Amino acid sequence: MNAQVLLPGATGMQGSGQQTTLGVMGGGQLGRMFVQAAQAMGYFTAVLDPDPISPAGLVSHYHIQTDYLDQQGLAQLMQRCAAITTEFENVPAPALVTLGAARITAPGAVAVAIAQDRIKEKAHLALSGVPVAPYAVIETVEQLADVPDALLPGILKTARLGYDGKGQVRVNSRAELAAAWASLHHVPCVLEQLLPLAAECSVIVARAANGDCVNFPVQLNLHRAGILAVTQVYEENMPPALIQQAVTATKAIAEELHYVGVLCVEFFVLAEGTPEHAALGALVVNEMAPRPHNSGHYTLDACDVSQFELQVRTLTGLPLVQPRQHSAAVMLNLLGDLWDRNNGGQSQINSAENNSSQKQSDSDPNYLPPWAQVLALPGVHLHLYGKLKASKGRKMGHLTVTAATAQQARAVAQEAARLLGIEAF
Ligand code: ADP
Ligand code: MG
């Protein structure tokens with residue numbers, strides 16, 4: 001499928017005069033970092049995204065501003081590009097079918113369609129050798145009535161289009177469950193048992209068309225309000241047996257899907273001594289993302305090859321090499337909340353206390369987080385995505401702290417968090 005190698009650095013001296021161009025469906029921050037990696041290696045890039053000021057569109061050679069299913073837009077993308085990837089899993093699978101019929105497209109429509117649907121996804125994840133959270137599919141009122149008591153308290157999740165905790169409702173009783181499903185307009189859902197989490201982690205692999213598969217180290221992730229807040233990667237961030245299990249399971253999932261591209265799988269680590277731990281074991285597989293992942297942003301600064309470079313390599317058929325992490329790393333997500341002056345310092349945690357007294361400066365459009373102070377700390381790498389409007393919960397950028405030891409990386413990251421008003425971790 002992807003046997004052809006698209007070498008970088010075509011000059012056009014002997015050929016068509018056209019640089020090899022790589023395309024990406026979606027213009028968000030993941031697309032932007034893909035574009036930047038591709039350009040660093042000498043490719044031209046094209047982005048398809050309807051937003052005229054999308055983060056990736058702003059830095060790409062070409063930006064096709066149409067809807068994802070627009071036939072003319074897709075035709076233009078195919079005309080420009082030798083190979084096309086995707087940066088978010090909700091790119092309509094039919095668009096990838098169209099692209100895949102005429103161009104190298106990785107990941108393929110089949111894998112993306114599975115990752116887009118929690119019901120299909122769970123069936124595949126369960127083949128990894130690691131269990132999924134106990135769950136029930138809810139598509140009909142009969143299925144709603146048949147939900148086992150053991151799944152409560154639970155989390156009702158829409159089968160499609162959820163991200164960053166959106167499309168999810170926590171429910172404690174059958175009455176709450178029925179109300180929650182109504183609030184989600186009775187779309188197909190899964191109800192998952194609420195599990196006692198000791199931690200969360202993720203593994204990112206890159207798999208080539210020839211089956212070669214390489215992995216990054218296991219990332220220890222802290223979520224707040226359903227959104228990734230902090231990722232920590234260094235030796236002994238997790239027990240070695242769990243690291244092994246998570247990497248093996250992720251590779252098995254990639255293999256089973258005949259996956260080509262960068263794939264991230266998220267896991268729960270269950271609290272020891274709980275009935276759930278006794279029943280399921282320490283590790284539970286949560287979900288997958290058919291693309292680079294927020295928990296892999298540290299690879300840009302702490303690894304010799306980043307997740308975005310591996311995305312370029314899998315797309316172009318270039319060799320994959322096992323990445324090497326050269327620095328301990330802590331990544332902090334920079335959400336739009338930080339652009340609100342009242343969220344500075346400790347106020348993010350106690351926002352209720354600040355509301356009334358400081359309301360006046362709430363909408364200070366000139367306020368910026370204290371970047372100069374943060375960048376005075378050693379090993380801080382700031383990445384902003386070029387988004388022109390900050391809003392609560394919006395991912396505006398991230399910051400990676402690299403250091404020789406885990407202790408140093410953590411200490412600097414805590415200080416950066418304090419300066420920015422991010423809760424300590
Ligand atoms: P999203 O697609 O929004 O990332 P997830 O299913 O990963 O959705 O859920 C977001 C977060 O909510 C998880 O990272 C975890 O912190 C929490 N969560 C989700 N499912 C469960 C569960 N079954 N038990 C406990 N916590 C959960
Ligand atoms: Mg998730």
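Let's start in the loop between β13 (227-233) and α8 (240-256), where you will find Glu236. This is a predicted model, and in it phi of Glu236 is near 65°, a positive value in a residue other than glycine. Glu236 is exposed, with a relative accessible area of 70%.

Now turn to helix α2 (residues 71-80), whose buried residues are Gly73, Leu74, Leu77 and Met78. They cover an arc of only 135° around the axis, so they sit on the same side of α2. That buried set packs against the strands β1 (21-25), β2 (44-48), β3 (62-64) and β4 (83-86), and against helix α3 (93-102). On the face of α2 turned away from the buried side are the exposed residues Gln71, Gln72 and Gln79. At the start of α2, a side-chain oxygen of Asp70 comes to within 2.9 Å of the backbone nitrogen of Gln72.

Next, look at a helix pair: α1 (residues 29-40) and α11 (residues 307-316) pack at an angle of about 70°, their axes 8 Å apart. That makes α1 roughly perpendicular to α11, and the crossing is right-handed. In the contact, Leu30, Met33, Phe34, Ala37 and Ala38 of α1 meet Phe308, Glu309, Gln311, Val312 and Leu315 of α11.

Finally, two cis peptide bonds deserve a look. One runs from Ala106 to Pro107, with omega near 0°, and Pro107 lies in the loop between β5 (104-105) and α4 (109-115). Another links Leu152 to Pro153, with omega near -5°; Pro153 lies between α6 (141-145) and β7 (154-158), in the loop.

Conventions:
Residues numbered from 1 in each chain as written. Chains lettered and ligands numbered in written order. Predicted model: local features only at pLDDT ≥ 70, side-chain atom pairs only at ≥ 80, totals over all residues. Heavy atoms only, no water. Buried < 20%, exposed > 50% of the residue type's maximum accessible area, 1.4 Å probe, protein only. Helix = DSSP H or I, 4+ residues; strand = E, 2+ residues; numbered from the N terminus. Arc of directions from axis to C-beta. Contact = heavy atoms within 4.5 Å. Polar contact = N/O pair within 3.5 Å; in protein donor to acceptor, adjacent residues only side chain to side chain. Axes fitted to C-alpha atoms, helices over the stretch in contact; angles between N-to-C directions. Parallel < 35°, antiparallel > 145°, perpendicular 65-115°, else oblique. Left-handed = near helix turned anticlockwise from the far one by under 90°.
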